Amino acid sequence: MIAMKNKQKDALKFKTDNKQLSDEQIDKHKNFNKLMHEYQAATKPLYKTPLYKNKKVFLVVLLILLIIFVIIETIQTEENNTAIQNTEQKK
Amino acid sequence: MNQHHQSDKDIQLELQQVNAAKENPRHFNVLYEKYFKSIYVFIYRRTNNEELTADITSHVFLKALINIKKYKYKGVPFSGWLFRIAFNEVNMYFRKNKTNRIVSIEQSGILQIAQEAEMTDNTEALQSMTNALKKLDSDDIHLIELRFFEKRSFAEVGEIIGITENNAKVKIYRIIDKLKRLMKM
């Protein structure tokens with residue numbers, strides 16, 4: 001339906017000498033076990049997937065950790081600056 | 001009755017197979033075995049490349065298996081649903097990769113169009129018809145391929161494209177009229 005709704009201008013190449021494939025040629029690509037494996041990988045719940053195997057989740061966690069690190073660093077720098085200022089004022 | 005037609009008994013049996021696959025994905029094997037060849041051939045006609053066809057076919061069955069729980073029989077047989085996925089996957093591939101999609105012209109299909117258009121079927125007229133086909137846009141070509149080159153019923157064409165049987169019929173006869181006009185130009 002998507003194809004019918006979007007009036008697309010696909011590039012087409014017309015062929016008249018159509019090669020017929022034999023059953024053997026087609027069957028060599030048939031692999032139900034591979035399909036099941038792909039299905040299991042695609043439907044495996046996120047919590048069952050090791051973190052390092054999921055690039056997106058890994059990057060998000062890395063980003064969160066980086067933000068936390070930056071925040072802590074900023075707070076510590078501010079605290080240090082305040083402490084230095086207080087010491088200087090006391091002097 | 002054409003080669004793709006299914007009787008009510010076939011549809012009922014297939015529904016049982018679909019329900020079994022919904023319960024246990026391993027049971028999808030029956031449907032995979034049944035439709036692998038026809039889906040492969042459907043895609044190969046549009047790619048003319050065995051490895052690419054194998055890749056897209058694999059995507060089609062994976063998508064079907066992931067979404068099988070969403071499939072509900074509402075007059076469209078499982079095969080129609082599967083071919084619709086294949087149709088969309090092929091279109092998506094070519095749109096994404098901006099490469100030429102193949103249109104496999106069948107001489108018997110050209111002859112059938114000539115008959116529908118009430119034309120003479122001499123070599124010159126058939127060549128002129130082939131040339132006119134090349135001037136159609138891709139939406140029209142989709143319909144011509146499904147109806148005349150793959151010999152599908154109007155109902156099946158509708159199922160695959162996602163329109164009603166009547167709408168498919170109307171569109172196809174309009175394309176035949178368009179072809180007649182293009183041949184006169």
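## Overview of the predicted model

Of the 185 residues in chain B, 32% are buried. The model described here is predicted. In chain A, buried residues account for 3% of its 91 residues.

## Chain B: dimensions and domains

The C-alpha trace of chain B spans about 55 × 35 × 20 Å along its principal axes. The radius of gyration of chain B is 18 Å, which agrees with the value near 16 Å that a compact globule of 185 residues would have. When contacts in chain B between residues at least 6 apart in sequence are considered, 63% of them join residues at least 24 apart.

The domain assignment divides chain B into domain 1 (8-97) and domain 2 (107-184). The contact between these domains takes five residues from domain 1 of chain B and four residues from domain 2 of chain B. On the side of domain 1 of chain B that touches domain 2 of chain B, three residues are nonpolar, one is polar and one is charged. Taken over C-alpha atoms, the centres of the two domains of chain B are separated by 25 Å.

## The nonpolar core

The largest nonpolar core holds 44 residues, and the members that touch the most others are Ile39(B), Ile43(B), Leu82(B), Ala86(B) and Val157(B). Helix α2 (residues 28-47) of chain B gives the most to this core, contributing nine residues. Because domain 1 (8-97) and domain 2 (107-184) of chain B both give residues to this core, it lies between them.

Leaving aside residues up to four places away in sequence, Ala86(B) touches Ile39(B), Phe42(B), Ile43(B) and Val60(B).

## The interface between chains A and B

At the interface, 27 residues of chain A are in contact with 35 residues of chain B. On the side of chain A that touches chain B, the elements giving two or more residues are α1 (2-5), β1 (12-15), α2 (23-27) and α3 (32-43) of chain A. Of these, α3(A) gives the most, with seven residues. By class, this side of chain A has 14 nonpolar, six polar and seven charged residues.

The chains are also linked by strand pairing. β1(A) pairs with strand β1 (residues 101-104) of chain B in the parallel sense, over four bridges. Within this arrangement, Phe14(A) stands opposite Val103(B) in β1(B).

## A position in helix α4 of chain A

Asn81(A) is found in helix α4 (residues 55-90) of chain A. Is Asn81(A) buried or exposed? Asn81(A) has 10 other C-beta atoms within 10 Å, and a residue with 12 or fewer counts as exposed, so Asn81(A) is exposed. Asn81(A) and Lys55(A) lie 26 residues apart in sequence, and their C-alpha atoms are 39 Å apart in space.

Conventions: Residues are numbered from 1 along each chain as its sequence is written. Chains are lettered from A and ligands numbered from 1 in the order in which they are written. This is a predicted model: local features need pLDDT of at least 70, side-chain atom pairs count only at pLDDT 80 or more; totals for chains, interfaces and linings use all residues. A nonpolar core is a set of buried Ala, Val, Leu, Ile, Met, Phe, Trp, Tyr and Cys residues joined through C-beta atoms within 7 Å. A residue is buried if 20 or more other C-beta atoms lie within 10 Å of its own, exposed if 12 or fewer, and partly exposed in between; C-beta atoms are placed from the backbone. Domain bounds come from an automatic or database domain assignment. Two residues are in contact if their C-beta atoms, placed from the backbone, lie within 7 Å. The radius of gyration is taken over C-alpha atoms; the globule rule is 2.2 Å times the number of residues to the power 0.38. Ala, Val, Leu, Ile, Met, Phe, Trp, Tyr, Cys and Pro count as nonpolar, Asp, Glu, Lys and Arg as charged, and the others, Gly among them, as polar. Two strands pair if DSSP finds at least two bridges between them.
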